[in-house]
Amino acid sequence: MSKKALAAVSDQYDLWIGGDERPAGSDDQLAVVNPATEEPLADVAMGTADDADAAVENARDAFESWHRRPPKKRTQILTDIAAAIREKNNQLARIETLENGKPLGEAEDQVERCARHFEYYAGIADKIQGESIPLSEEYVDYTVREPLGVTAHIVPWNVPIYLFARSVAPALAAGNAAVVKPAEETPLGALELARLASEAGLPDGLLNVVPGYGNEAGAAITGHPDVNSITFTGSGPTGTAVAKSAVENVTETHLELGGKSPNVVFPDADWEGALNGTMTAIFTNAGQVCSAGSRLLVHEDIHEEFVDDLVERAESLDVGSGLKDVDMGPLVSEAHLEKVLSYVDIGREEVGEPVTGGNALDRDGYFVEPTVFDDVPMDTRIAQEEIFGPVLTVTPFADEGEAIELANATDYGLVAGVYTENVGRAHRFAREVDAGQIYINEYFASGNETPFGGFKRSGIGRENGIQAIENYTQLKNVCLNIAPTE
Ligand code: NAD
């Protein structure tokens, strides 16, 4: 049986609107390509502005009854969706690996996180409560959290199944109806999830998926006057354009953007722990992670030895098709491979040859070697710009003050990691570094329950955790005069 058949990937996909498949308003189809082989996987209909209208209209109709249902009904349906996703973990993970390239084990973890997300917000759906506010004996005053209506979700290609759930699950839990625009490279997981949710009992029209080009279907959705909130996950320039168009309609917008996160190793760190964390930080998903630890800052006393060990490990990574038992898969597309390689060339000009890697692999697929540049000054482009590939910069520092200064020395502020056995230093670092999440002694040490989002140019707002419910509700205050009338 072929790999494609094992994942039950069809040859052609339409849009998903109103609880069913629907052809797009144009004949335009885009091939989704397997980045490990460069072979086409499936053709996908490209939605138009009219299709975006239809999706928003269906969502609006479905919202009217959904938000009036008892919250415990939403809890039950989202719990059933979580179970359906878990049951299909193997198939969904294969789809994620086939269209994105990541190793199957990573994809399975992401599908489990997706299921867990529906489960987590199922548990919150019936606990979205207001407060009573003591004004005086003459008043009863209380607040209620109401859903917004139609929420738009623009999803990138790097972790498509989990990032779909990250904003859709809390939006549905809070009583909204969703319209999703997946990335051009990876629409298959989103379409499968919408079908699964429908089979699990989600009423028609609550979850619509419109694959399409960003500047066409994406812009039509985010600029739609009947959309009440936008969650955009993607690059800074696109996010800024989306936010500008949203302002025209005064649409609430949450931006989850890029990063250039520091990972800092002090001499007292646990050596193995710091090495493992550094490898995970930059080579997970071939570095195509918004929160990747792409800048290693290492104390000068251990710099040379640490880099030697790191290079040895980077060179031992098994790079290949994600369907095999490998450490790192390909990059998502040919265009992205070219972008990453062009940054490697910029690095060569700025600081010289990388200490390891720096080349595409000479085979089919968009593979690039794990790459490390050493002694990288912070004012170079490779230290400042998001490369979004398996390319690490290393910069030595002399003391804690310099480490913090270097950690903060980019426009981004998504996450930061630190390795030290000194508790006071760890907490000083957490206090002084401008980032939405701080990891101490383990990179990516957080979960669905912990708020995630960026300081500075890494975004606006927080996903995950109880806090995300605020993104998908609006607060109403009700004040009643109860003073006697005579
Ligand atoms: P991108 O900005 O190119 O595209 C993201 C999505 O926006 C895609 O679905 C695309 O089709 C759509 N889009 C493009 N133009 C649009 C427009 N004019 N209107 C509406 N939608 C439009 O980003 P990408 O290359 O797909 O993703 C990589 C970026 O995403 C990186 O910068 C990464 O750091 C970031 N990211 C951030 C997070 C986070 O949580 N902060 C998570 C994952 C990825």
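User: What volume does the second largest pocket have?

Analyst: Keep in mind that this is a predicted model. The second largest pocket is lined by 24 residues. As for its volume, the second largest pocket comes to about 500 Å³.

User: Which helix gives the most to the lining of the second largest pocket?

Analyst: Three elements, α5 (104-125), α6 (160-173) and β18 (437-440), each supply at least two residues of that lining. Gln110 and Arg113 are among the residues nearest the pocket's centre. With four residues, the top contributor is α5.

User: Why does the second largest pocket lie between domain 1 and domain 2?

Analyst: Look at who lines the pocket: nearest its centre you'll find Gln110, Arg113, Val289, Ser291 and Phe444. The pocket sits between the two domains because its lining takes residues from both domain 1 (3-257 + 465-475) and domain 2 (262-444).

User: How many of the residues lining the second largest pocket are charged?

Analyst: Split by class, that lining has eight nonpolar and eleven polar residues. The rest of the breakdown is the charged class, and the count there is five.

User: Now the largest pocket: which residues are closest to its centre?

Analyst: The largest pocket holds about 790 Å³ of space. Its lining runs to 36 residues, and the closest to the centre are Pro156, Trp157, Gly234, Ser235 and Thr238.

User: Which helices and strand each supply at least two residues of the largest pocket's lining?

Analyst: On the domain level, both domain 1 (3-257 + 465-475) and domain 2 (262-444) put at least three residues into this lining. By class, the lining has 16 nonpolar, 13 polar and seven charged residues. The elements with at least two lining residues each include the strand β10 (229-233) and the helices α8 (214-222), α9 (236-248) and α12 (334-351).

User: Which residues lie nearest the centre of the second largest cavity?

Analyst: This one has about 50 Å³ of space. Its lining has seven nonpolar, four polar and four charged residues. Of the 15 lining residues, the ones nearest the centre are Pro262, Ala407, Tyr412, Gly413 and Asp434.

User: On to helices: are α14 and α15 roughly parallel or roughly antiparallel?

Analyst: Helix α14 (residues 400-407) packs on helix α15 (residues 423-432) with axes 10 Å apart and an angle of about 30°. α14 passes α15 in a right-handed crossing. Angles under 35 degrees count as roughly parallel, so the call for α14 and α15 is roughly parallel.

User: And how does α10 lie relative to α11, roughly parallel or oblique?

Analyst: Helix α10 (residues 271-283) and helix α11 (residues 303-316) pack with axes 11 Å apart, at an angle of about 55°. That angle makes α10, relative to α11, oblique.

Notes:
Residues are numbered from 1 along each chain as its sequence is written. This is a predicted model: local features need pLDDT of at least 70, side-chain atom pairs count only at pLDDT 80 or more; totals for chains, interfaces and linings use all residues. Side-chain values use heavy atoms; hydrogens and water are left out. On a 1 Å grid over the protein atoms alone, a cavity is a set of points where a 1.4 Å probe fits but cannot get out, and a pocket is an open set with protein on both sides within 12 Å along at least five of seven lines; lining residues have an atom within 4 Å of a point. Grid points are joined across faces, edges and corners, and a volume is the space filled by probe spheres set on the points. Ala, Val, Leu, Ile, Met, Phe, Trp, Tyr, Cys and Pro count as nonpolar, Asp, Glu, Lys and Arg as charged, and the others, Gly among them, as polar. Domain bounds come from an automatic or database domain assignment. Axes are lines fitted to C-alpha atoms, for helices over the stretch in contact, and angles run from 0 to 180 degrees between N-to-C directions. Angles under 35 degrees count as roughly parallel, over 145 as roughly antiparallel, 65 to 115 as roughly perpendicular and the rest as oblique. A crossing is left-handed if the near helix is turned anticlockwise from the far one by less than a right angle, and right-handed if clockwise.
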